[in-house]
Amino acid sequence: MTGADGLERRYRRLLRLFPAEYRREHEQEILSVLMAGAAEGRRRPGLADSADLVMSALFIRWREMTRQPRWKWERRHWRLIVRLRVAIGIWLLVVGALVLGAGYWWGVVMALPAALHFYFAYRLRHAVQS
Amino acid sequence: MQEATFLILTALAGGSQHGYGIITDVEQISDGRVRLRAGTLYTALDRLRADTLIEVDREEIVDNRLRRYYRLTPPGEKRLADEAARLRANAVVAMSRLNPAGAMR
C-alpha cells in the first residue's frame, strides 16, 4: 500500500464523523480537496486538518439537530412544547440549586440540560413565528 | 459577513471554481493570511448554497476524483457588491480621519 492510500483511508475515517446525508453530498469533493492539499509522501492527516474536520462535523450535526421543527405535530403544538421545555428547564435549575445547596458541587451539571431545553424552546418559537 | 465568506464569494466573482481552486485563490487574495481548511470551506459552501448565493456550475472527474465547480448566483453577486461597497465606505472614513489633509489614494 502506498502512502497516499493510507492517507486517504485515514481521511475517510475522519469523514465518517459527518452525518450520512452530508457525506453523500460532499464526501467525494472534500476528499479531493484534502488529497490535493496533502504534501507529497504524507501518510497521516495533519493535526490542524483533523481538528478542522472534527469541529466542522460537530457544527454540521449541531446545525441539523437544531434546524426547523421536523414534525408536523411539533409545529401544531408549539406553544405547549415551548412551555413544557421552559418548565422542565426551570425545574432542572431548581433541582440543581437544591443539590448545590446541599453541598454537592455536581448540582451545576444540571445547568447544561436546562440550557438546552431553553435553547430548543427559543428555536422552536423563533422558527414558527418567522 | 465573515471575512472567509467574503473572500470565498470574491474568489467566485472571477468565474466558477472547484474547492481546491477556491482555497488557493482565497490564500492569494488575502496575501497568505487566510488559509481555509476543507471542513471549514464546505461548511461555508453548504450554507452559501442554502442561502442561494452560490450554485453548482458543473462536475468533472479528474484523476478519479470529483471536482464540483461553484459559481455566484445573481443574488450572490449583489450581496458581494453590497458588502464590498460597505467595506469601502468604512475604509474611506478611516483613511480620511487618519490622514485628514490628503484624500484617500
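With 8 C-beta neighbours inside 10 Å, B:Asp63 counts as exposed, where a residue is exposed if 12 or fewer other C-beta atoms lie within 10 Å of its own, buried if 20 or more do, and partly exposed in between, with C-beta atoms placed from the backbone. This is a predicted model, in which local features need pLDDT of at least 70, side-chain atom pairs count only at pLDDT 80 or more, and totals for chains, interfaces and linings use all residues. Residues are numbered from 1 along each chain as its sequence is written, while chains are lettered from A and ligands numbered from 1 in the order in which they are written. The model scores ipTM 0.81 and pTM 0.73.

**Confidence**

- Chain A has a mean pLDDT of 87, with 94% of its residues at 70 or more; pLDDT is the predictor's confidence in each residue, from 0 to 100.
- Within chain A, confidence is lowest in helix 4 (residues 72–76), at a mean of 79, and highest in helix 5 (residues 78–101), at 94.
- Chain B averages a pLDDT of 91, and 96% of its residues score at least 70.
- Where pLDDT is low, the predicted coordinates should not be read in detail.

**Chain A**

- Chain A contains 6 helices and 0 strands; helices (H or I, at least four residues) and strands (E, at least two) are DSSP runs, numbered from the N terminus.
- From the N terminus on, the order of elements in chain A is α-α-α-α-α-α.
- Chain A is more spread out than a compact globule, because its radius of gyration is 21 Å, well over the 14 Å that the globule rule gives for 130 residues; the radius is taken over C-alpha atoms, and the rule is 2.2 Å times the number of residues to the power 0.38.
- Along the principal axes, the C-alpha atoms of chain A fill a box of roughly 60 × 40 × 20 Å.
- Of the 130 residues of chain A, 18% count as buried.
- Among contacts in chain A between residues at least 6 apart in sequence, 64% join residues at least 24 apart; two residues are in contact if their C-beta atoms, placed from the backbone, lie within 7 Å.

**Chain B**

- Chain B has 4 helices and 3 strands, which follow the pattern α-β-α-α-β-β-α along the sequence.
- The C-alpha trace of chain B spans about 60 × 30 × 20 Å along its principal axes.
- Of the 105 residues of chain B, 28% count as buried.
- In chain B, 39% of the contacts with a separation of 6 or more are between residues 24 or more positions apart.

**Helix packing within chain B**

- Helix 1 (residues 3–13) and helix 2 of chain B pack at an angle of about 105°, with their axes 9 Å apart; axes are lines fitted to C-alpha atoms, for helices over the stretch in contact, and angles run from 0 to 180 degrees between N-to-C directions.
- Helix 1 and helix 2 of chain B are therefore roughly perpendicular to each other; angles of 65 to 115 degrees count as such, those under 35 as roughly parallel, those over 145 as roughly antiparallel and the rest as oblique.
- From helix 1 of chain B, B:Leu7, B:Ile8, B:Thr10 and B:Ala11 meet B:Ile22, B:Asp25, B:Val26 and B:Ile29 of helix 2 of chain B.
- By class, this contact of helix 1 with helix 2 of chain B has 6 nonpolar, 1 polar and 1 charged residues; Ala, Val, Leu, Ile, Met, Phe, Trp, Tyr, Cys and Pro count as nonpolar, Asp, Glu, Lys and Arg as charged, and the others, Gly among them, as polar.

**Interface between the chains**

- In the interface, 14 residues of chain B are in contact with 18 residues of chain A.
- On the side of chain B that touches chain A, two or more residues each come from helix 2 (19–29), helix 3 (38–50) and strand 3 (65–72) of chain B.
- Helix 3 of chain B supplies the largest share of that side, 6 residues.
- The side of chain B that touches chain A comprises 6 nonpolar, 4 polar and 4 charged residues.
- Helix 3 (residues 47–65) of chain A packs with helix 3 of chain B at an angle of about 30°, with their axes 7 Å apart, which makes the two helices roughly parallel.
- A:Asp49, A:Asp52, A:Leu53, A:Met55, A:Ser56, A:Phe59 and A:Ile60 of helix 3 of chain A make this contact with B:Ala38, B:Gly39, B:Thr40 and B:Thr43 of helix 3 of chain B.
- The contact of helix 3 of chain A with helix 3 of chain B has 5 nonpolar, 4 polar and 2 charged residues.

**Backbone features in loops of chain B**

- Most residues other than glycine have a negative phi.
- B:Asp63, in the loop between strand 2 (54–62) and strand 3 of chain B, has a positive phi of about 50° although it is not a glycine.
- B:Asp31, in the loop between helix 2 and helix 3 of chain B, has a positive phi near 60°.
- B:Asp31 is exposed, with 7 other C-beta atoms within 10 Å.
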